[in-house]
Amino acid sequence: MLRILIGSLSFIWLLMATSTMAQTWPPVLDADGQPLRSGVEYYVLPAVTDVAGGLILVNLNNGSICPLFVGQEPLAPVVSPGTSVIFTPRVADTVIRETRDFTVEFTGVTICAQSTAWRVGERNPETRRRYILAETDPIPSSNAWHFNIVKNDQGLYNFQWCPNCLTRVCPKPLCGDAGIVVENERRLLVLDGPAFPFIFKGLE
């Protein structure tokens, strides 16, 4: 009897915790209005049509192949959806929630690194913006891989880098919105400029 009571209380507590989480941090929705799921492949597409294609890994063509940077397919007669990505929440959850941290990784492999996970790079001294690149495997103790998604005033989704504090003492991050800039005829996803809105489309 006691075991049944404890089990029932645990189930009720789990329901309450799930309900509170859903109200505090609503799920990010894909283009079909469904919650963005952890471990599921999605294309990251511009929310504004006829602008460009989906997100991909690109090379800046500066004399070396690596590292690769997060960029965007250019506009073409047939717009490419880009390369699919997988989101993984920083804390245990089955969906991706607004303002909550996650890692994001392109599917497939490259010749440059063991991982295609996004990471915040160094600030460009000329543009004062930070590149987002894919390089090495994520380090659990580092915040450089922890992105989140926020909803703007138009109800569209923007990427940002502003890691959540999971302990009592955290260094204050230099938060930044992710937008698109053009360098060497390549569209790059960078921080610290105007935000660029995206939608998320599941693979058909």
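The model is predicted, so local features need pLDDT of at least 70 and side-chain atom pairs count only at pLDDT 80 or more, while totals for chains, interfaces and linings use all residues. Residues are numbered from 1 along each chain as its sequence is written, and side-chain values use heavy atoms, with hydrogens and water left out.

Let us start with strand 10, residues 176–183. Helices (H or I, at least four residues) and strands (E, at least two) are DSSP runs, numbered from the N terminus. Strand 10 is largely enclosed by the rest of the structure, because 6 of its 8 residues are buried. Here buried means under 20% relative accessible area, exposed means over 50%, and partly exposed is in between (1.4 Å probe, protein chains only). Two strands pair if DSSP finds at least two bridges between them. Strands 10 and 11 form a hairpin with 2 residues between them, and N184 in the turn has a positive phi of about 50°.

Next comes the interior. A nonpolar core is a set of buried Ala, Val, Leu, Ile, Met, Phe, Trp, Tyr and Cys residues joined through side-chain atoms within 4.5 Å. The largest one has 27 residues, and those with the most contacts inside it are L55, F87, W118, F159, L189 and F200. Among the elements that give two or more residues to this core are strand 1, strand 6, strand 9 and strand 12. Another core lies apart from it, with 9 residues, among them I56, L60, V181 and V190. Leaving aside residues up to four places away in sequence, F159 touches several others, including V44, L55, F87, W118 and F200; contact means heavy atoms within 4.5 Å.

Aromatic rings deserve a look of their own. Rings of Phe, Tyr and Trp (its six-membered ring) pair if their centres lie within 6.5 Å; planes under 30 degrees apart count as stacked, over 60 as edge-to-face and the rest as tilted. The structure holds 12 such pairs. In one of them, the ring centres of Y157 and F200 are 6.1 Å apart with planes at 45°, so the pair is tilted. Y157 belongs to strand 9 and F200 to strand 12, so this pair ties together parts that are 43 residues apart in sequence. Both are buried, Y157 at 8% relative accessibility and F200 at 1%.

Finally, we come to the charged side chains. A salt bridge is a side-chain nitrogen of Lys or Arg within 4 Å of a carboxyl oxygen of Asp or Glu, and the count comes to 6. One of them joins D32 and K201, at 3.4 Å from N to O. D32 lies in the loop between helix 1 (2–24) and strand 1 (41–46) and K201 in strand 12 (residues 197–202), so the pair ties together parts that are 169 residues apart in sequence. D32 is exposed, at 52%, whereas K201 is partly exposed, at 22%. Another salt bridge links R97 and D93, at 2.6 Å; R97 is buried, with a relative accessible area of 9%.
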